[in-house]
Amino acid sequence: MITGLLIIIPVLGSALVMFSRKDKNVRRNAFIISLLEFILSLFVLLSFTNSGLPELSFSLPWLKGAGISFNFALDGLSLLMVLLTTFLFPVIILSTSSFQSRRLNILFGSVLILETALIGVFTARDGIMFYIFWELALIPAYFITALWGGKDRIRITFKFFIYTMTGSLMMLGAIIWLYLHTPAPHSADFSDLYKVAASRNNQFWLFAAFFLAFGVKIPVVPLHTWQPDTYTEAPPAGSMILAGVMLKMGIYGILRMLIPLCRDALPVLQPVIIAIVTAGIVYASVIAIKQTDLKRFIAWVSIAHVGLITAGVLSMNSIAIRGAVIQMISHGINVVGLFVITDIIQRRYNTREMNNLGGIARLDPLLGTLFMIILLGTIALPLTNGFVGEFMLLLGLFKYNSWIAALAGTTVIFSAVYMLRMYQKVMLGTASSGLSPEMKQLSVVEIATLIPLVIMVLVIGCFPGPFLKLAEPALENIYALIIVIPN
Amino acid sequence: MGALISVTVLGMVIMLLGVMEKKNWILPVIMTGLVIAFGINVTEWNTNHHYFNEMMYVNNFSVAFTGVLIFMSALVFMFSGNYYKSVERPLEDIYSLMLFSLTGAILMTSFSNLVMLFLGIEILSISMYILAGSKKFDLASNEAAMKYFLTGSFATGFLLFGIALIYGSTGSFNLNEIATHNALNSHTLPQYFSIGVILLMIGLSFKLAVAPFHFWAPDVYHGSPTLITAFMATVVKIAGIAAFYRLFVISFSNVSEIWVRTLLIFSVATIFAGNLAGLYQNNMKRMLGYSSIAHAGYMIMGIVALNKTSAGALLLYSASYSLVTIAAFGIIILVREARQNDDIETFNGLARTNPYMSFTLTIAMLSLTGIPPLAGFAAKYYLFATAMEEGYLWLVILALIGSAISAVYYFKPIIAMYLKEGQHPAIQATTSYSILLVSITILTLLLGLIPSLLLII
């Protein structure tokens, strides 16, 4: 029941938000609803026993007699992703509190619908429901980027839409195929889909279909071309949701569906796929070094970082997968933090161009400090959240293949290079002549936005244990699925 | 059967009202009559009764499809008051012709004899030929009527020839007797029986605008009066697919090796012809014309994969497709009336001036694309699952690719409405019109969330 509430509250809230007339009320209502959702998810955490099995399930029929139902439940992995979502949404809504635009009620309404869709994806226990919410997330995301985006938004968002839509239709095909291979009467429940004994040859096809859907969403390198443009031109809230939460859908999908369902095909494909993904990490890192637009820079940084997560997950090594889970959370927090700071800088100085910025740390030391902490988290300095995940990912990859690990390890060096270079250009040095000297300090709302993020950077960095422990039983179940039929 | 009679009587009553010049009575009488017909139709559920020496057979399949047909016609009639509001005449001819073609459509869902199939198709088609040209002083409308008539009668030739060959080889017009004959003589069927089946298939494909017999559709859809196009794209299509299914499932399912491969190619060709050509359209009516071709291709998948669930899948599909197509045409009617044009550019900036109308059209386009949780998704899902269950994996993959392509052109009006700037003033819509559009939207969502409502056969 509580899971059902978790899914339905944002959507009901979005109706409330859409019918709010004044912009002030829109912002307040949206924030309150997302905060309520976060508190509710904490209650879920309290009543959660972490047995490894799906708990707190909520189920309603969709197609009678066809074994497809609105079936939602939580295991540790789902709960972690839900917590990440519900934690980030209030922050994101708060961070856009000074975003000025027409039709704000539609913007915040769409944001809340998106939250429902994301929670639906993370809690679905039925293949068709997984697809339905996966696709449902696309529509508000498209409208947020298309209606409030920057220049050339029509072409860019259209590309984004077509890429993701094509990917997810292939996934739909795969899910239907699996559904029809469950014993009659068919069922699309995850536990039944896992039991389908597909031959290795068929698993290759399944892998192709799923990887297209998840790879576009993440995005991994050959499928990434929609991403830098979309992140750059999307409105602040859009970029934050896309990078912070939506791309986690892809990695979650790999963990939840691709690995258990393609367990025989994966060992064969692994060398090729991991090599491509790793090459993509280096490629994205090198490109990130050359970027001068802050948002585009973050977009490429994000490709590099999630590339490492993807490589780790696909290595099917238990340490790397655990690292990937932690890194999903950390990346969500860090990338949202980076976008929030970019947004603050842009609002204040009317530019995102690194070369036109400089000396901000002297003008506003608090912003400089908070930015530094988030940045160190992204670089993966020990005692920040990035370190835990990246270390485990690289360790796991090393166990898989030392050469791949060495190549992937260069990201740590690269990320230090490009992040510190960016910080130097933007925050240090003398203030560029274009910037007026009497800059405002951080406002209370901006501090309230950044502080939870900074706290989480340090908390996860110092105490990753509870987070890992929460995911552990669920991950054990996934490992058990992998080794259930050895070839 | 009762529905068939009541709709026919209704058509005659409307002609009578026209003679009496009771213009204001016509639409209320039609709506009441259709509600009564719908009610009578519902009472025939589970009766399974033969009529006129097995000329007709009313079973749940025909009752369900008749219900959908009457419902969709009623929706079209609801839009007609606004469409014809500037016309002084009572217009009894147009309304009764629409009702007569509905009669033909109902006949096409409940025939049990090839002669009745032919009669149904002709009653439907001849009314539609006249209706396509009902804008008498419009060149495009005349052209549409001419094209429709010429290609349609050509198709009728195929159909008749096919019926004749089948009669020659099996000695019967009765669907069940043909099936029995096929089962008993499956190895000694003459060559011309196969030719007959293929000719029948071609004739029906013409009517349904299935590629490679689709070339008439875009011009006819574009040229006909918009209201008639809405009727053509929905009611005629539902009737065609119902007839196709009924004929093939009863008579030819045991000789499927003759036709299934050809139909498979037809289906793929239709999906791609419709969707690829749809990409290049900049007129809404033409675009929906190509969309309806593509959707005919998806529906044909249900016939390729004949099994016990495909009737339900087709019913759900045709209902969800028709529902949103009628809504889209209803909006086109309003836009065209206000702006004298139905190019996609005309929709620029509509979201700012008419938010509810744009929302309805957006939902319609998303449902046609097959985005969950709308009706279009549930329908596509069920149809594709049926096809895959019968082993047509490649067909489903191609259809999925087709759906991905179709997203490109279904998004054109959405982009125009929400992202482009327009200078047009707001379009005035009556309250009842808005209520109608909103209820169609709600119905679309409802059908997506609870598709079991229609999976009854």
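Modeller: In helix H12 of chain B, B:Tyr298, B:Met301, B:Gly302 and B:Val304 meet B:Lys380, B:Leu383, B:Thr386 and B:Ala387 of H16(B). Being in contact has a simple test: the C-beta atoms of two residues, placed from the backbone, lie within 7 Å. By class, these residues are five nonpolar, two polar and one charged. (Nonpolar covers Ala, Val, Leu, Ile, Met, Phe, Trp, Tyr, Cys and Pro; charged covers Asp, Glu, Lys and Arg; the others, Gly among them, are polar.)

A word on how to read this: the model is predicted, with local features needing pLDDT of at least 70 and side-chain atom pairs counting only at pLDDT 80 or more, while totals for chains, interfaces and linings use all residues. Residues count from 1 along each chain as its sequence is written, and chains are lettered from A and ligands numbered from 1 in the order in which they are written.

Now for the geometry. H12(B) runs over residues 284–304, and its axis comes within 9 Å of the axis of H16(B), crossing at roughly 40 degrees. (Axes are lines fitted to C-alpha atoms, for helices over the stretch in contact, and angles between N-to-C directions run from 0 to 180 degrees.) That angle makes H12(B) oblique to H16(B). (Under 35 degrees is roughly parallel, over 145 roughly antiparallel, 65 to 115 roughly perpendicular, and the rest oblique.)

Elsewhere in chain B, look at helix H13 (residues 310–339) and helix H18 (residues 431–449): they pack at about 155 degrees, with their axes 10 Å apart. That makes H13(B) roughly antiparallel to H18(B). From H13(B), B:Ser320, B:Leu323, B:Val324, B:Ala327 and B:Gly330 take part, and from H18(B) the partners are B:Leu437, B:Ile440, B:Leu443, B:Thr444 and B:Leu447. Seven of these residues are nonpolar, three are polar and none is charged.

Helix H1 (residues 2–18) and helix H2 (residues 23–46) of chain A have axes that come within 10 Å and cross at roughly 175 degrees, which makes H1(A) roughly antiparallel to H2(A). Among the residues of H1(A) in this contact are A:Leu5, A:Ile9 and A:Gly13, while those of H2(A) include A:Asn29, A:Ile33, A:Glu37 and A:Phe43. The contact of H1(A) with H2(A) divides into 14 nonpolar, three polar and one charged residues.

Finally, step back to chain B as a whole. Its secondary structure comes to 18 helices and two strands. (Helices, H or I of at least four residues, and strands, E of at least two, are DSSP runs numbered from the N terminus.) Along its principal axes, the C-alpha trace of chain B spans about 70 × 55 × 40 Å.
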